[in-house]
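Let's walk through this structure together, starting with the overall layout and then stopping at two local features.

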Amino acid sequence: MQRMSPLVRNIIMINIVVYIIQQFKPEVTYLISLFGIGSEYFKPFQLFTYMFAHGGMFAHGGFFHIFFNMLILGQIGPVLENFWDQKKFLIFYLVTGIGAGVFHLLIQHYFFPGEVNIPMLGASGAIYGILMAYGMMFPNMELALMFPPISIKAKYLVWIMGGLTFLISGAGVAHFAHLGGIIFAFILMRIWRGPGGSYF
């Protein structure tokens with residue numbers, strides 16, 4: 001298993017602390033979850049805070065939501081942090097997370113205007129961004145999955161996960177954030193791509 005890197009460890013700890021706070025102070029979820037632009041609860045800073053919230057009254061999946069998000073972050077994040085550096089990894093994580101939130105708001109505004117008071121929360125947008133970056137940088141690297149217990153190349157895992165998010169989670173607007181994370185990750189990776197199309 002990849003050794004935990006400092007920034008990834010800190011991000012995981014922040015998510016865990018926020019999750020615990022939400023269990024004892026559910027009202028905090030109203031403040032930090034991402035509401036639609038037309039909602040009275042919407043605040044611009046929620047584009048940042050929503051990606052660190054997993055618990056509370058709006059959480060889907062509860063403990064398993066944060067568990068699997070942090071599991072993927074802990075397995076794949078250190079590879080990218082060590083390859084780049086802490087600053088670049090943080091930029092990537094925040095851009096994909098905030099970008100996923102922006103994508104979600106746009107989809108909600110134009111296609112689901114009646115759901116502005118249904119908030120979104122969780123690090124999934126940024127996590128899907130990390131999966132996308134890993135798949136683009138290390139396409140033939142095999143990852144050992146827990147469920148099912150098989151190994152799969154990164155380039156296949158990204159597209160499988162991207163498709164399953166809609167098949168498994170349903171057609172809810174919040175799940176478009178996963179796609180948003182993938183899209184923003186792809187754009188950022190293309191911008192960062194070196195001469196000859198190499199990421200190295």
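Predicted model: local features only at pLDDT ≥ 70, side-chain atom pairs only at ≥ 80, totals over all residues.

**From overall layout to local packing**

The protein contains 8 helices and 2 strands. Followed along the sequence, the elements come in the order α-α-α-α-α-α-β-β-α-α.

Next, the protein as a whole. It has 200 residues, of which 47% count as buried. The exposed surface comes to about 10,300 Å², and carbon and sulfur atoms supply 70% of that area. If you look at contacts between residues at least 6 apart in sequence, 74% of them join residues at least 24 apart.

Now let's zoom in on one loop. Serine 39 sits between helix H2 (28–32) and helix H3 (46–49). A polar atom of its side chain lies 3.1 Å from the backbone nitrogen of tyrosine 41. Leaving aside residues up to four places away in sequence, serine 39 touches Val116 and Asn117.

Our last stop is a pair of helices. Helix H4 (residues 63–83) packs against helix H6 (residues 124–137) with the axes 9 Å apart and at an angle of about 40°. H4 and H6 are therefore oblique to each other, and H4 passes H6 in a left-handed crossing. Residues making this contact include Ile72, Leu73, Ile76 and Gly77 from H4, along with Ile127, Ile130, Leu131 and Tyr134 from H6.

Methods
Residues numbered from 1 in each chain as written. Heavy atoms only, no water. Helix = DSSP H or I, 4+ residues; strand = E, 2+ residues; numbered from the N terminus. Buried < 20%, exposed > 50% of the residue type's maximum accessible area, 1.4 Å probe, protein only. Contact = heavy atoms within 4.5 Å. Areas by Shrake-Rupley, 256 points an atom, 1.4 Å probe, with all protein chains shown as cover. Polar contact = N/O pair within 3.5 Å; in protein donor to acceptor, adjacent residues only side chain to side chain. Axes fitted to C-alpha atoms, helices over the stretch in contact; angles between N-to-C directions. Parallel < 35°, antiparallel > 145°, perpendicular 65-115°, else oblique. Left-handed = near helix turned anticlockwise from the far one by under 90°.
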